[in-house]
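Subject: Structure for you to look at

Hello,

Here is the structure I said I would pass on.

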Amino acid sequence: MAGKNELAKIVGKENVSDAQEVLLKYSSDHSLVPPGMPEYVVFPTSSEQVGEVVKWCNKNNVPAVPVSSQVHFNGGAIPKQGGVIIDLSKMNKILEIDEDLRKARFEAGVTWEQLTGELAKKDMRVFMPLLPHAHRSVLSDFLDREVMTNTVYDYGEPMQAFEVVWPTGEVFRLGSASVDGYPNSKSHGGNPSGPGLDFYRLVQGAQGTMGIVTWTNLKVGFRTKTDKVLFAPVNDLAYAIEFLYRLLPRRVGQEVLLLNRTDLATIIAENWPADFEKLRATLPPWTLIIVISGLVRRPEEKIAYEVNALNEIVKNEFRKLVVSEALPGFPGMSGKILPLLRNPWPADVPYWKNRWQGGSQSLFFIARPEKAQRYVEIVEAVAPKHGYSVADIGSYIQPIEHNRACQVEFTFFYDNADAAAKARISKLYLDAARALMSEGALFTRPYGALAPMVYEHAAGYTTALKRVKKVFDPNNIMNPGNLCF
Amino acid sequence: MRHCIKCKGCYWVDHTYQPGARFATRCPSNVWNDFDSYGAFGKMRIGLAVDEKRIEWTPSLLEIIYADPLCGACDVGCKRNLDLEIELTLEALRVKAVQDGKGPLPVHKKIAKNIDTTHNLYGAPHEGRKKWVTNDIQVAKKADLLYFVGCTASYQSKEIAQATAKILNGSQTPFMLMPDEWCCGNTLQSVGMLDEARALAKRNIEMVKSAGAKTVLLSCAEGYRMWKVEYPKLLNIATADLGFDVVHLIEFVDDAFKKGTIKPTKPVDMRLTYHDSCSISRLADPWKPWSGERGWMGTVSPRLQRRRGTHGLYAQPRNVITSIPGVKFVEMIRTRENAFCCGAGRGTKEAFPDLATSSAKHRLEEVKEIGAEALVSACPWCKANFAQAVKENGDNVKVMDFSELVLASMEA
Amino acid sequence: MTIAREAYKALEAIVGPKYLSDDPAICEGYRSGPGGYENGLGYERVMTKIPGAVILPRTTEEVQKIVKICNRYKVPYVPYSTGFYGPRSHCHVENELIVDLKRLNDFEFDEKHWYAVVGTGFIYAQLQQESLNRGGYVVIGGGGAQASVIANLIGDGWSPLSHRIGLPHRRILGTEMVLPDGELLKTGSLAVGDDPFWGDGFGPDLRGLLRGYTGLRGCLGIVTKMAVKVLPFQPEKLQPTGIAPNTALALPEKRVKWINYVMPSKAAQVKAMYEIGKAEIGGAVTKVPLFWRAIAKAEDKEEFWELWGKENAETVKNFHIVRVLLIGFTSEEQMVYDENVLNDIMQELGAQPRRTKPSDESWIKNADSAGMWLMCGSYVSVDYVIETLKQATEHGEVYAELKKKYTPPLMPDYGDPGWFQSFELGYQGYSEFLIYWDQDEDTTGVDHFYLETAKMNIKHGFYTALIGPHQPMYLTGPKYGPNYHEWMLKIKDEFDPLWVCHPPVPLAHDEFVERAPWMHQLKDWKTPKEFPMPKWK
């Protein structure tokens, strides 16, 4: 009770809750991470309030669990040791959109739906991961290092300067937002680095354990003027990947990705389950999708030179690949795929991964593209051992920056009302992860049960990480129970 | 010395020509010893300390100053961007060592003694100096062209003198020798014994003038540098005011090929490469005396046209080599002003044989990398040093002098 | 003057007697000045010493052993790659050990995955040629092609080629570093194996300990190995031509081309950068100060001053050139597209193309920073900051205004507002302000100017490169973050409890202000009674 009153003094009475039905909403998510109940939920409306709440947590040795999104898939925001949920959904202002600097500054509570909607009004776009949920926090997804579908930019990372509340409660601005008086300053937050240390790196990928990010600057772009979506049916994954090794360094394509039949069917099926089953049966094993776009000037000429370069490569070196504007047997695919790639997944329908059976668990990691085929084989060997059919594995390969690396994602689908199925999938997930890790798969975003596996393996890194954590969070109150903390 | 910025343009191959992970350097001293003091940039700091009397003359300091073939790579590298005079500073450090009674090194003193008593580096009998002249060589009593042979070709690498003479004969160019040839003084000048070097310079110039020669021809790169650059420098006159031209055999042959007075008709079937000897390349720009003031922002007046190694004999040997039938010419990875010195010259081979040998072996790695069967240079010092390294390595590389290559292409 | 005997013996056992020395002649060669970057100034005179000993390790393991011995025997040490960065990369205390890393010069290249792995002694010129040989290129930091790749990537690391990838932090992949207390840290994919291809951490990214925007100047450990991103280039050869001093890369004009444009105004200059960024074309887009053109033309210092003497405030104010590098990454057709788009933009802005040499003397292979010293003999970049194009295009003017007060001893440049350009396709903007002086003059004014710029930036709310170890941390700290210095000092204390790693950095500039009497009049900020170091005495 005392706690609730003290918190109410900070955020206002209407912004604290300890009601069961409210707390329950935070106790679990779509992941396999076991549930955990918080004691309170607060809804701060300013960075200062966030800071005060965090200070209170320190003083009272109570965990602080930051939450920015309304839907979660990885378990990072489930309280593992009780504590206070700091829900930033009321901090959902888009603070500025600067068309000259092509950047947006917005708070943690801003969702994909919100941001893409506002940007669309100015003919602008965000560089997106694949089908983010409309009600997820954009800031959170970028902080978590979600991989973009766009492979062409050398600089890769879109986040710029942001504000964080340290685990000790200080409000702190990073990079070029750190200047006194920002944003009423000559500096506009275009540089995330510094001052003194690269704090932004320490906070990225931290799953809320190193502080609470309240707003960020983000690179955004202008909408493409015209697009050509190309498809290639793929039977030989390794061959398609060799093609990408040749094509992508030539800076051809905007969004480029590979989806296996199960994943693609899950995404595009309209009438369930008939459409889905038909698609799964008739789609090629993999589909390579390449979007070529014309930008703000001479768009047709840009498309022309990229298509010509692509055709040259296919003609001279990859004859087996049939690249065209249609996916044979699937009319209208181009018109369907492009808006899917450029918009978040709508919130009023089940998330694409959960449309089929209600539940899903994705296992994703960074890899050398040439090893993708091997990783597919590994998972296809492990799955049946847990009674999971190979045909039911969803697979997605996302090339990164000219195909210097890729993200590989396997999704296992299950009936989330079936406890036994859930348990089987849990085991499969860990088993697959172990096998993949032993052959070089990099789980750089180790959620839930992956974390102990990863941190044991990366012993030296773990030691140094814990030393850094100790400096910023001496009382270990910031989302404990995640990563190696 | 106060303006060295430690950019190590004196150590690295010019970035424009930088070949990559291997063969990236230009400084034999600093490749032989990795401490910064062995590079020119380190020596600039040491030079200041010497000048300001902050450091004592020790064997270690003497080694730093003398373990250095003074190849000019640092000077030219620095001058790609800046206006410093590295080579002159390095020479001045040796002069200072001699002035302070601490230099040169014992082995240099022995060479100086040899020069003094027998007029050659080796202490060999002076009377034997012309023994290289064989019966099939015509030497004129008087001619416009004087061939200055030098100690090494006279006594040790006679084949070079002989090949040169035969080329001259073959071109129908009469040549004379010095009535009484003495050492050019290269080692003396290089180790800082300027008085002795100057005395030799005066004597040798006088003898050329009284012999009535219009041109002095050298087949030795070091000798060429001495006559063309150091003699004027020692006497504080310009190269143009010597009273005669100084040419290297390379220039002569290049000219002769163009005029047709020598025709290379015999094929030489070899895959060969060419090593740009320092003294005919980056150290070969003519000398002009200068004195003036340093002014605002370090500008000097009067204006000084600096010697940046731009006018070395780079094109000429290549013209010649590529005109010889049968030759497959392949360039070294480091060429022209970026060539890596063999490490022998200017008193280095005698005082630091290990530096000379390891530099030569390092350069031979390049020869092997490009798959050359033969290595051609235009200096007896280079040839002898490379030949020794090849022998020690057991490499399958033929080491030739430029004169031998040219002669091989001429009909008898 | 040397280091403790026991330490010396222990160090000798690691590298052997050939690679360790305390000989005075050897140590003198490692003196910082008086010439060089930021040299001839008060900081160099007051803060630098020659080492007590120099050691040349070959491997990470040797470096780690050396650092542990330094911790045991309380021997302060400085990591040193090329020593080019001026006084800040040299010894600051007596009886200090220089750890000269030039022998860590291993090199590997993964062509397929576009990265190279280098040791600390490997320089950019080498990496660039190796990259060009394989159809790639890197951004050679403005420090010059002679800079160590690793040292530059953790300190500076940008050039006009940063139009495509600005923040050098983004180019760092798997990295190996020896922490100040001797522990070994491997980041990215190296944390779990031998494959260095990936840079992000497992969870939080400990590359955060490497830089802090413009580097920690070696006070938080020694980086011994790093995988570095190489960017795909185009396949035609860039042929080196010319004899020193006029060497240049001949460009294959259908795939690589510089074009200079004369812009009608500064506003047009700036708009061009925005538009080119928005159009996502080009390999480099930059404005250069007028005196750089004079440097490029001049054969020597005297000729430079002759050329420069012809300019004045009016000519400087009305000189607006934008230099654009076009790269045909994809094809010749793409090059044509880029040039058409560029000309569309330039026509809209009323710009005129000028005849431009089909060669590159600088940015692609040379990044010729050495020319910066040609004019006066002394030089430092007093700011070099990545921010947005909005800050970048305004920053220089504020500097130029402040600079008037300190000219002389600063070189007269008629109010030139420095260098700015587009980074990361216009998402970022870069500005650099360079100053020049004659070190034989009284340089107090330069010392003052340097510090006054920190206050100027604070006052106007500019982001600046010179935070952390470059300016007094107790001055900048409270005003950026706020209080970034507290976190930095906490991290420093955690990983270097003895402060043996390059003491007294990061508080070196604070220390300088305390020690130099002519700086006292500028001190109007609070400092603790005692600085939290040294701890090794």
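The notes below go through two interfaces and then a handful of single residues.

Please keep in mind throughout that this is a predicted model.

Chain B against chain C

The interface of chain B and chain C buries about 5300 Å². Carbon and sulfur atoms account for 55% of that area. On the chain B side 56 residues are in contact, and on the chain C side 72 residues.

Between chain B and chain C there are 8 salt bridges. One of them pairs B:Arg2 with C:Asp440, with 3.2 Å from N to O.

Helix 2 of chain B contributes the most, with 5 residues. Sorted by class, the side of chain B that touches chain C consists of 23 nonpolar, 15 polar and 18 charged residues.

B:Ala21 is a residue to look at here. It sits in the segment before helix 1 (28-32) of chain B. Setting aside residues up to four places away in sequence, B:Ala21 touches C:Phe107, C:Phe122, C:Gln126 and C:Glu130. Its relative accessibility is 28%, so B:Ala21 counts as partly exposed.

Domains of chain C

Chain C is split into domain 1 (5-100), domain 2 (107-232), domain 3 (250-449) and domain 4 (473-522). I looked at how domain 1 meets domain 3.

The C-alpha centres of domain 1 and domain 3 of chain C are 36 Å apart. In the contact, 13 residues of domain 1 of chain C meet 12 residues of domain 3 of chain C. Together these two domains of chain C bury about 880 Å², of which 52% is on carbon and sulfur atoms. Of the area that domain 1 of chain C buries against domain 3 of chain C, 50% comes from C:Tyr37, C:Leu41 and C:Phe84, more than from any other three residues.

The rule finds 0 salt bridges between domain 1 and domain 3 of chain C. What the pair does have is 6 residue pairs in polar contact, both residues at pLDDT 80 or more. On the domain 1 side, strand 2 (36-37) and helix 3 (42-47) of chain C are the elements that give two or more residues. Helix 3 of chain C gives the most, with 3 residues. By class, the domain 1 side facing domain 3 of chain C has 6 nonpolar, 5 polar and 2 charged residues.

Cis peptide bonds

Two Gly-Pro bonds deserve a look in the viewer. The bond from A:Gly194 to A:Pro195 is cis, with omega near -10°. A:Pro195 belongs to the loop between strand 9 (171-173) and helix 6 (199-203) of chain A. In chain C, C:Gly33 and C:Pro34 are also joined by a cis peptide bond, with omega about 0°. C:Pro34 is in the loop between helix 2 (24-28) and strand 2 of chain C.

A:Gln207 has phi near 50°, a positive value in a residue other than glycine. The loop that holds A:Gln207 runs between helix 6 and strand 10 (212-219) of chain A. A:Gln207 counts as buried because its relative accessibility is 8%, and the cut-off for buried is under 20%.

B:Arg336 is another non-glycine residue with positive phi, near 55°. It is found in the loop between strand 8 (327-329) and helix 14 (348-351) of chain B. At 25% relative accessibility, B:Arg336 counts as partly exposed.

One more loop residue

B:Ser157 lies in the loop between helix 7 (151-155) and helix 8 (158-170) of chain B. With 6% relative accessibility, B:Ser157 counts as buried. Apart from neighbours within four places in sequence, B:Ser157 is in contact with B:Thr152 and B:Pro380.

Regards

Technical notes: Residues numbered from 1 in each chain as written. Chains lettered and ligands numbered in written order. Predicted model: local features only at pLDDT ≥ 70, side-chain atom pairs only at ≥ 80, totals over all residues. Heavy atoms only, no water. Contact = heavy atoms within 4.5 Å. Buried area = accessible area lost by both parts, 1.4 Å probe. Salt bridge = Lys/Arg side-chain N within 4 Å of Asp/Glu carboxyl O. Helix = DSSP H or I, 4+ residues; strand = E, 2+ residues; numbered from the N terminus. Nonpolar A, V, L, I, M, F, W, Y, C, P; charged D, E, K, R; others polar. Buried < 20%, exposed > 50% of the residue type's maximum accessible area, 1.4 Å probe, protein only. Domains from an automatic or database assignment. Polar contact = N/O pair within 3.5 Å; in protein donor to acceptor, adjacent residues only side chain to side chain.
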